[in-house]
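Here are my notes for someone opening this entry for the very first time. Have a look at the sequence and the model, then read on.

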Amino acid sequence: MSSSATSDTGTSSGLAQIGVTGLAVMGSNIARNFARHGYTVAVHNRSVAKTDALIAEHGHEGRFIRTETIAEFVAALERPRRVLIMVKAGAPTDAVINELADAMEPGDIIIDGGNARYTDTIRREQALAERGLHFVGAGISGGEEGALNGPSIMPGGPKESYEALGPMLEAISAHVDGVPCCTHIGPDGAGHFVKMVHNGIEYSDMQLIGEAYQLLRDGLGLSAAQIADVFTEWNAGDLDSFLVEITAEVLRQVDAKTGKPLVDVIVDEAEQKGTGRWTVQSALDLGVPVTGIAEAVFSRALSGSVAQRRAAAGLTSGTLGQKPSDATKFTEDVRRALYASKIIAYAQGFNQIQAGSAEYGWNVKPGDLATIWRGGCIIRAKFLNRIKEAFDADPNLPTLIAAPYFRDAVEAGIDSWRRVVVTATELGIPVPGFASALSYYDALRTERLPAALIQGLRDYFGAHTYARIDAPREARFHTLWSGDRSEVSA
Ligand code: 6PG
């Protein structure tokens, strides 16, 4: 059964150009997005009720082909068949892939649009390639609203698949200045890797916003509504971003039941589905210090450490300092500290992407990411234009904070940043995101870190050897600690 068509750009064969299976909100919104762009969309869901609901409520938006079984679904598609899977990451995704692969033919393309772990994507692509099928792991960001009106899309997989898929994905993606927020990221797991780091940055961004909120709440005693106004004002400047914008909305929301700000009746235990944790696990393997993302993941875990929080409630704070006397000045300090810490979060995330790309030979272009993250995704922000410019000027930029615009931005905020961390410490307000970002910045710019001492200690107890500042970097030395303490070449 085909629903009423409002577009005449469907295929003359009557077959669908794309199939979507998994019609929960994200899947059904993406299917509608394709249909609204004139594509004929075959739709399938394990339980037919969801398929019928989609057709009943939104069938008039475009051309849908309703299917009940995988065989019917696959038969409804023009070749090469393109199927987008929008089901839960993990075992459910494997189950759907296997069922589809049995019904599909060489040259057909399976796209996984869920938040899959990139190592799973690499494995799946290899397995499907052996069967002549193309597999594209595509990160899709933007939540329900983005899925319907234009997400940011990060497809990996073979370049040839992108040729068949790219135009459709670009058509339904968000556009900024006429440029689609979708591009081929790189082979195999590159798309899902990049989406994972996107989410890690999202965690970091949200943690920093949370700290800014708490500083204004507990440091200045502002109400939720007053803080909402501050965020609205901030959103008109450098911090202009989706997350800052919706922070104001969430803070302004009043709970119908109690009449209190909604934020005051929500249990303060932050949950997670896992992409932030994966980002940190991958960063540990790659040896990339994504301290801001790690602090954000651990802060969520700490908020949920109910037994420990209960046991520590009422422990002494020691002598606390005075609350800031100049609210306007302190608020501006917090804004600058937030912006500087945010720059660090993105700098770290981009470093992880560069390291992952090098490790797997993906050749990911950081400037392209900054471009496709400008719209549609959760971390969309005005300053991504600046990140793009920085990578355009130097594609191998070692760190964002070395690019002139960001160097100047941090320089403009550094005094505020230090004052905020000092004030927070004196007031006993936890700011792991702000403080660790500042320490990261200070560590990077410090000429001599204590790492030399660590090397000395390692050599002392384990003969692990060290390099000398006055010898070639590869030359290794060892001190005979338990002997005459002379140095030998190792
Ligand atoms: C997006 C979001 C989306 C989702 C994540 C994060 O880019 O649209 O990142 O993927 O919100 O699942 O969720 P957690 O906070 O539960 O890990």
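1. Is glutamate 389 buried, partly exposed or exposed? Glutamate 389 counts as partly exposed, because its relative accessibility is 45%. The scale here calls a residue buried under 20% relative accessible area, exposed over 50%, and partly exposed in between, with a 1.4 Å probe and protein chains only.

2. A word on what you're looking at. This is a predicted model, where local features need pLDDT of at least 70 and side-chain atom pairs count only at pLDDT 80 or more, while totals for chains, interfaces and linings use all residues. Residues are numbered from 1 along each chain as its sequence is written, and side-chain values use heavy atoms, leaving out hydrogens and water.

3. Back to glutamate 389: its salt-bridge partner is arginine 386, with the closest N and O atoms 3.4 Å apart. (A salt bridge means a side-chain nitrogen of Lys or Arg within 4 Å of a carboxyl oxygen of Asp or Glu.) Both sit in helix 16 (residues 384-393), and because they are three residues apart, about one helical turn separates them. Helices (H or I, at least four residues) and strands (E, at least two) are DSSP runs, numbered from the N terminus. Arginine 386 is partly exposed too, at 37% relative accessibility.

4. By that rule, the count comes to 28 salt bridges. One of them joins glutamate 61 to arginine 36, with 3.2 Å between the closest N and O atoms. Glutamate 61 is in the loop between helix 2 (48-58) and strand 3 (63-66), and arginine 36 is in helix 1 (residues 25-36), so the pair ties together parts 25 residues apart in sequence. Glutamate 61 counts as buried at 14%, whereas arginine 36 is partly exposed at 39%.

5. Arginine 124 pairs with aspartate 112, the closest N and O atoms being 3.7 Å apart.
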